[in-house]
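Notebook open, model loaded. I want to go through it one piece at a time and jot down what turns up.

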Amino acid sequence: GWSMENVLDEEIKVIKSTVGAEDHVICALSGGVDSTVAATLVHKAIGDRLHCIFVDNGLLRFKERERVMETFEKDLHLLVTCVDATEQFLSKLKGVVDPETKRKIIGREFICIFDAFAHDLEQKLGRKPTYLVQGTLYPDVIESCPPPGSGRTHSHTIKSHHNVGGLPKDMKLKLIEPLKLLFKDEVRELGRILDVPQGFLKRHPFPGPGLAVRVLGDVTQGNALDILRLVDEIFIRSIKDAGLYDTIWQAFAVFLPVRSVGVQGDQRTHSHVVALRAVTSQDGMTADWYYFEHKFLDDVSRKICNSVRGVNRVVQDITSKPPSTIEWE
Ligand code: XMP
């Protein structure tokens, strides 16, 4: 029968017979569900001949690097090289305000770091890595025609993806895409069988360019990134505490390059405005803004202004997609 356990066994068999006994495989982990499940599956087949890289681009959420590295190493026993490239990314992004330019710069730097990782690995192993694991899903590959024999007839709409995986073309790596016949819910099911922690499998989607598309304008302005991380963490923590996390498709804060006048204590302030965004959605293609109870919003707003220096105003985004997009940039 067609069960996820069978799919898993089948995939492992295929990987074992495809990847030669001497071959080494690399994988870029984003911290998201897809790349994590793909890597865990491949690791089950070939063990530590799988070499993963996780890049901290300085655009990650509050304690994100520590949190995902703990999952990768303690829970999943993956071999992961963690590269702190914060300076490299932020120096390239300094002064850049155009959203598409930000995305391009981030994509380019990522390739650069990935290249260096592959070369270091080659030095260390004395041979070139031959395969690359990618967490491509079925909706990413079908376009209008499903692969022959896949048994899939579903026509899903495609969104243009600029995931962390836009990789060097001259590296001549062969692709392993163990999830390419699966939908998101099936990937979560597979992850569950592979003992990926449940909390991890339920994480909201997060864009490849990270907080760069959530700090409007220059990401290096003042301490925008630090402020945003704190605000976002309070918002997400509150959503989890209220038991709402799993009903919401995506929730996050946005840093606005705007100051407004406020009064805190007996001091007049001229500080930043942050926006809160939460949406429900099936696939990210369309989305509805989420109705929080007033009490919830009141608590979150107070917590943010009381504990995050430099913020004196909180607003909520009440637009759906369309006409807005989920992200602000
Ligand atoms: P938008 O903002 O277009 O987002 O409504 C739809 C979904 O895609 C995510 N998103 C991205 N994901 N790289 C990504 O990997 C990107 O550049 C990117 N831009 C948007 C967004 O978070 C939402 O889930």
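I started with the buried residues of α9, and listed A224, L225, I227, L228, R229, L230, V231, D232, I234, F235, S238 and I239. This is a predicted model, so everything below is computed from predicted coordinates.

Then I checked the helix itself. α9 has 18 residues and reaches 26 Å from its first C-alpha to its last, close to the 26 Å expected at 1.5 Å a residue. Past the end of α9 comes G243, with a positive phi near 75°.

Core next. Which residues have the most contacts inside the largest nonpolar core? I got V25, C27, V42 and V231, in a core of 77 residues. Helix α9 (residues 224-241) gives this core its largest share, nine residues. The core also draws at least three residues from each of domain 1 (4-201) and domain 2 (214-316). As a reminder to myself, nonpolar side chains tend to be buried together in soluble globular proteins.

V25 got a closer look. Leaving out residues up to four places away in sequence, I found V25 touching V19, V42, I46, R49, L50, P129, Y131, V133 and I176. One of those partners, V42, is also among the residues with the most contacts inside the core.

From there I went to V19. V19 is in the loop between α1 (4-18) and β1 (25-29). Buried or exposed, I wondered about V19? V19 counts as buried because 20 C-beta neighbours fall inside 10 Å, and 20 is the cut-off. With residues up to four places away in sequence left out, V19 touches V25, I46 and Y131. I also took the C-alpha to C-alpha distance from V19 to R49: 9.9 Å in space, for 30 residues apart in sequence.

Domains. The chain is divided into domain 1 (4-201) and domain 2 (214-316). Their centres, taken over C-alpha atoms, are 29 Å apart. How many residues does each domain put into the contact? I noted eleven from domain 1 and ten from domain 2. The side of domain 1 that touches domain 2 has six nonpolar, two polar and three charged residues.

Then the annotation. An unreviewed UniProt entry lists S30, G31, G32, V33, D34, S35 and T36 under "binding site". G32 is in the loop between β1 and α2 (33-46), while D34 is in helix α2. G32 has 19 other C-beta atoms within 10 Å and therefore comes out as partly exposed, since buried needs 20 or more. D34 has 23 C-beta neighbours inside 10 Å, so D34 counts as buried. Setting aside its neighbours within four places in sequence, D34 is in contact with G135, L137, L179 and V187.

Most residues other than glycine have a negative phi, and most peptide bonds are trans, so I searched for exceptions to both.

Which non-glycine residue has a positive phi of about 55°? That one is K63, in the loop between β2 (50-56) and α3 (64-75). K63 has 11 C-beta neighbours inside 10 Å, so I put K63 down as exposed. D195 is not a glycine either and has a positive phi of about 65°. I found D195 in the loop between α7 (184-193) and α8 (198-201). With 11 C-beta neighbours inside 10 Å, D195 counts as exposed because the limit for that class is 12 or fewer.

For the peptide bonds, I turned up a cis bond between K321 and P322, with omega about -15°. Another cis bond joins P322 and P323, where omega is about 10°. P322 lies in the segment after β9, and P323 lies in the segment after β9 too.

Key:
Residues numbered from 1 in each chain as written. Predicted model: local features only at pLDDT ≥ 70, side-chain atom pairs only at ≥ 80, totals over all residues. Core = buried A, V, L, I, M, F, W, Y, C linked by C-beta atoms within 7 Å. Helix = DSSP H or I, 4+ residues; strand = E, 2+ residues; numbered from the N terminus. Domains from an automatic or database assignment. Contact = placed C-beta atoms within 7 Å. Nonpolar A, V, L, I, M, F, W, Y, C, P; charged D, E, K, R; others polar. UniProt positions renumbered as here; feature names shortened; annotations may be inferred. Expected span 1.5 Å × (residues − 1).
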